[in-house]
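Subject: Structure for your files

Hello,

Here is the structure you will be working with. My notes on it follow below.

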Amino acid sequence: MPINWSAEVIGPLMGVFGEPVTYRPLAGGALPISGVFDNAYLKEVMFEDATSGVTEVSAVLGVQLSQFPSVPVQNDMLSVASVNTTFVVREVRLDSRGGAKLLLSKVSSP
């Protein structure tokens with residue numbers, strides 16, 4: 001029997017670890033969602049020679065795609081209440097289970 005990852009795993013995890021976020025799609029409007037926010041997500045990028053690279057620290061929001069009327073896209077905006085900060089979506093990384101990581105760039109904070 002296949003597992004409905006969005007309903008059985010991601011949804012309950014959002015209920016425990018998610019926090020309030022106001023999502024503003026590029027197309028307009030505002031949508032209250034829940035997401036798992038991390039202000040210091042590490043991403044390592046290796047160069048072609050595989051002997052050197054850079055490490056990037058970025059904010060990231062883990063989301064459940066069923067909260068959205070359409071898939072999030074680059075340049076959408078969002079505000080994370082716990083850090084009172086607005087971000088722009090720099091990159092959307094979909095997974096195969098009904099979730100996504102939104103890599104973020106800070107737009108404003110108090």
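In this predicted model, strands E5 (residues 85-94) and E6 (residues 99-108) run antiparallel and are joined by eight bridges. Two strands count as paired if DSSP finds at least two bridges between them. Helices (H or I, at least four residues) and strands (E, at least two) are DSSP runs, numbered from the N terminus. Opposite Leu104 in E6 stands Val89. The two strands form a hairpin with four residues between them, and Gly98 in the turn has a positive phi of about 100 degrees.

As for the conventions, residues are numbered from 1 along each chain as its sequence is written, and side-chain values use heavy atoms, with hydrogens and water left out. Because the model is predicted, local features need pLDDT of at least 70 and side-chain atom pairs count only at pLDDT 80 or more, while totals for chains, interfaces and linings use all residues.

The protein has one helix and six strands, in the order α-β-β-β-β-β-β from the N terminus. Of its 110 residues, 32% are buried (under 20% relative accessible area, exposed being over 50% and partly exposed in between; 1.4 Å probe, protein chains only). Among contacts (heavy atoms within 4.5 Å) with a separation of 6 or more, 49% are between residues 24 or more positions apart.

There are two aromatic pairs. Rings of Phe, Tyr and Trp (its six-membered ring) pair if their centres lie within 6.5 Å; planes under 30 degrees apart count as stacked, over 60 as edge-to-face and the rest as tilted. Tyr23 and Phe68 are edge-to-face, because their ring centres are 4.9 Å apart and their planes are at 85 degrees. Tyr23 lies in strand E1 (residues 19-24) and Phe68 in the loop between strand E3 (53-64) and strand E4 (77-80), so this pair ties together parts 45 residues apart in sequence. Both residues are buried.

Phe37 and Phe87 form a tilted pair, 5.5 Å centre to centre with 45 degrees between the planes. Phe37 is in strand E2 (residues 31-46) and Phe87 in strand E5, so the parts tied together are 50 residues apart in sequence. Phe37 and Phe87 are buried too.

Regards
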